[in-house]
Amino acid sequence: MLAAINLVLLCRIKRIHTIIPIIIVFDFVMVVPILLELIWGIPDIPYPTIALAMNDQKTSIIFCIFLIFAQLSFGYEITRLLSTQNVPSTNLNSNKSVYFNSLRYKNFLLVFSYIVPIVVIISILGSPDITYFLDIFSDPTRIYNQQIQTYIKYMGILNYALLLSVMVNKWYDNNGTLHGRIIRILYVLLMIIIIHKRTFMMIAIGACLVIDLIKGKKIRGIFPWYLIYILFAAFYFVYYAYATGKAEYNDDWYYEANEYFFRSMHMRFAIFAALNPNEVHILDYPGQSILFDLFYFIPRSLWASKPWPYIYYFISGVMGYSSYGYVSWQMPPSYYPEFVSNFGVLGIFISVIITVWISRFLDNRGIIVKLLGTSLVCLLEIYYYDDAFKVLVIIIIFFYFLELKKGNTSLHYE
């Protein structure tokens, strides 16, 4: 009910704010799965640890408190924005050239977006085992050739470059042209070929949605297109599971949707682990993965006990390990569970407060920082804080200080 009220209030906002796409993504990954549970119940979960969390009453209560607190915080932020006209933000009714010409290095970025796929194709043709890339239904966790494993890491860098190219192409495709859509679809197909990760398809769709919202596109105009994209992605997720044999572990499409599309299951598992440290282990001490996030750039040779990324600890907990253990595949949680694992139940409040604070901070920034920052937060709501996102943070900080040096208006307009 609170989520529905917030969505209605969002329709009354005449200016675009960072909090808008953040709320939309949050409701999709956290609230929608709860509504589905009311219809279909809890999915058939193949992992005993997660099954425990999903069936634990105390965990469910605290998760509901998390949702209520988030919706109340979002609602307060929406009403604050509705009641004031002095919050710096982008006017939906302003001249469209403000959006389309705001990035100063337009030609450079466009050339970059056209060169990247060429480099990708050349890299595929020159790979030590081209059959791996041509077989889009091969499982990357079952590749044992060391040479191809090393090459896949290199292709992973190109994958992020392709994702950036999708965003650049989307940003400068002023009218949503057909050939622009075809180009972005081809880029996403290349991403699937080189990385074999279904999640990046959804990330690309989400990034394009954020750009449309930042530009002030009307929901009713873009909804049909995104419905088609999401339905296709859902079909591919399920088909991929069967084509690669992953469905052997669990052939319940409802569970697949919860693991890959939604994030409530991951959040509830983190809450259960915080409440029952003797039954499920994720982190060794509070703040462990936060330390890695802050000081990831320090070489492990200089810091032998340096923590690992949160996703490693999370999947170890899912597998029921009593301490960190290597797992060849990952289950990407959002950044909300990471706050819970680091700060206990208090983390459910900290995560929401920080999310709202970041949205306010970005609302006062120039269009470049606002666009990149909003995309980052929305991506963190569905994906984990990996190395590429850390690089994105550095880029955002760079543009922020550049904005301070040149003044806000120089980055709002060409």
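Here are some questions and answers about this predicted model.

Q: Why are α18 and α19 called roughly antiparallel to each other?
A: Look at the angle: the axes of α18 (residues 367-380) and α19 (residues 387-406) cross at roughly 155°. Anything over 145 degrees counts as roughly antiparallel, so that's the label this pair gets. Their axes come within 9 Å, and the crossing is left-handed.

Q: Which residues of α18 and α19 meet?
A: On the α18 side, they include Ile368, Val369, Leu372 and Gly373. Among their partners in α19 are Phe389, Leu392, Tyr400 and Glu403. Sorted by class, this contact has 13 nonpolar residues, one polar and one charged.

Q: What makes helix α12 largely enclosed by the rest of the structure?
A: A residue is buried when its relative accessible area is under 20%. In α12 (residues 253-260), seven of the eight residues pass that test, so the helix counts as largely enclosed. The buried ones include Tyr254, Glu256 and Asn258. Among the elements covering them are α2 (19-40), α11 (219-243) and α13 (264-275).

Q: How much of the chain is buried?
A: With that cut-off of under 20%, buried residues make up 52% of the 414 in the chain.

Q: What does the secondary structure of the chain come to?
A: You'll find 20 helices and two strands.

Methods: Residues are numbered from 1 along each chain as its sequence is written. This is a predicted model: local features need pLDDT of at least 70, side-chain atom pairs count only at pLDDT 80 or more; totals for chains, interfaces and linings use all residues. Side-chain values use heavy atoms; hydrogens and water are left out. Axes are lines fitted to C-alpha atoms, for helices over the stretch in contact, and angles run from 0 to 180 degrees between N-to-C directions. Helices (H or I, at least four residues) and strands (E, at least two) are DSSP runs, numbered from the N terminus. Angles under 35 degrees count as roughly parallel, over 145 as roughly antiparallel, 65 to 115 as roughly perpendicular and the rest as oblique. A crossing is left-handed if the near helix is turned anticlockwise from the far one by less than a right angle, and right-handed if clockwise. Contact means heavy atoms within 4.5 Å. Ala, Val, Leu, Ile, Met, Phe, Trp, Tyr, Cys and Pro count as nonpolar, Asp, Glu, Lys and Arg as charged, and the others, Gly among them, as polar. Buried means under 20% relative accessible area, exposed over 50%, partly exposed in between (1.4 Å probe, protein chains only).
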